[in-house]
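Try each task before you read its solution.

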Amino acid sequence: MRLFPKSLVLLIGVSILTGSFLVYAQATENWEITSFNSDIRINSDGRVYVTETIKADFANEAHRGVAREIPVQYGTENTVNYDAKINFLSASDENGISWDNNVYNSNGYLNIEMRNATDTPDNGKHTFVINYLAKNVILFFDEQKAKEQETYSHDEFYWNVNGTEWVVPTKEVSATVHLPKEISKDQLKIDCFTGIFGETGKDCEWTLPDSKTIEFKATKTFAPFENLTI
């Protein structure tokens, strides 16, 4: 395995990994996500640590918690049957207090159910901070594989930030990627996309605050089922 020896491709917008929240309350969906931020740290050994901070507003509809679904099986346009290894680490509120978490695998997803301690619906604003470790999510194109797929030798990190299965609007979506070492701008290919599954909208932007960090953000409020891919 090699990590970023020649060039690194970071793309946002195509569904390799998607995610969703299932709400444990009424059948209607009249709540909203005020912000979804993903902090992504790529280690030199290829492991990826992810911290998602999701702020939910239940003012219009009481809920007792949410559940995050993270796919562990995914594919690309030319390759199928990749198995991501997702290890759940923790899920807490903004004060570091753990939710009542139930974690299990089902139908190719890692499910993280988070409820309040009393399991009682309320109309408050709540923050869900989820930490997990992802393995086998970086694609390595050596010279032979690159030739077969008519591309060039590179390492590729392709990631859906919030996923395409949201049934409620999300006001703000952003992500920060921390690279394992300094990489010059001419060795990076960076892009981002937005929209529902299969769309390649460009309502997003990215910046390079330094040679090890890339920041992305959507430039509009997301309707249900819209995603930011980096």
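**Exercise 1. Find the residues that stand opposite R115 in β10, and describe the strands around it.**

Step 1. Start at R115 in β10: G65 stands opposite this arginine. D100 also stands opposite R115.

Step 2. Before going further, note that this is a predicted model, in which local features need pLDDT of at least 70, side-chain atom pairs count only at pLDDT 80 or more, and totals for chains, interfaces and linings use all residues. Residues are numbered from 1 along each chain as its sequence is written, and side-chain values use heavy atoms, with hydrogens and water left out.

Step 3. Look at the strands themselves (DSSP runs of E, at least two residues, numbered from the N terminus). Strand β5 (residues 63-71) runs antiparallel to β10, joined by seven bridges; strands count as paired if DSSP finds at least two bridges between them. β9 and β10 are antiparallel too, with seven bridges.

Step 4. Follow the chain from β9 into β10: the two form a hairpin with two residues between them, and N107 in the turn has a positive phi of about 55°.

Step 5. Check the cover. Five of the seven residues of β10 (residues 109-115) are buried, where buried means under 20% relative accessible area, exposed over 50% and partly exposed in between (1.4 Å probe, protein chains only).

**Exercise 2. Give the strand order of the open sheet of seven strands, and say which strands stand at its edges.**

Step 1. Read across the sheet: the order is β8-β11-β4-β3-β14-β18-β17, with mixed pairing.

Step 2. At the edges are β8 and β17, each with a single partner strand, so one side of each has no neighbour in the sheet.

Step 3. β17 pairs with β18 (residues 213-218) in the antiparallel sense over five bridges, and the bridge partner of E205 in β18 is K217.

**Exercise 3. Locate the disulfide and work out its handedness.**

Step 1. Search for cysteine sulfur atoms within 2.5 Å of each other. The count comes to one disulfide, which joins C192 to C204 with an S to S distance of 2.3 Å.

Step 2. The torsion about the S-S bond of C192 and C204 is about 105°, so the disulfide is right-handed.

**Exercise 4. Decide how W99 and F128 are arranged, and which parts they tie together.**

Step 1. Recall the rule: rings of Phe, Tyr and Trp (its six-membered ring) pair if their centres lie within 6.5 Å; planes under 30 degrees apart count as stacked, over 60 as edge-to-face and the rest as tilted.

Step 2. Three aromatic pairs are found in the whole structure. W99 and F128 form a stacked pair, at 4.6 Å centre to centre with 20° between the planes.

Step 3. W99 is in the loop between β8 (85-92) and β9 (100-106) and F128 is in strand β11 (residues 125-135), so the pair ties together parts that are 29 residues apart in sequence. W99 and F128 are both buried.

**Exercise 5. Is T170 buried or exposed, and what is it in contact with?**

Step 1. T170 counts as buried, at 2% relative accessibility.

Step 2. Leaving aside neighbours within four places in sequence, T170 is in contact (heavy atoms within 4.5 Å) with I33, F36, T221 and F222.

Conventions
Helices (H or I, at least four residues) and strands (E, at least two) are DSSP runs, numbered from the N terminus.
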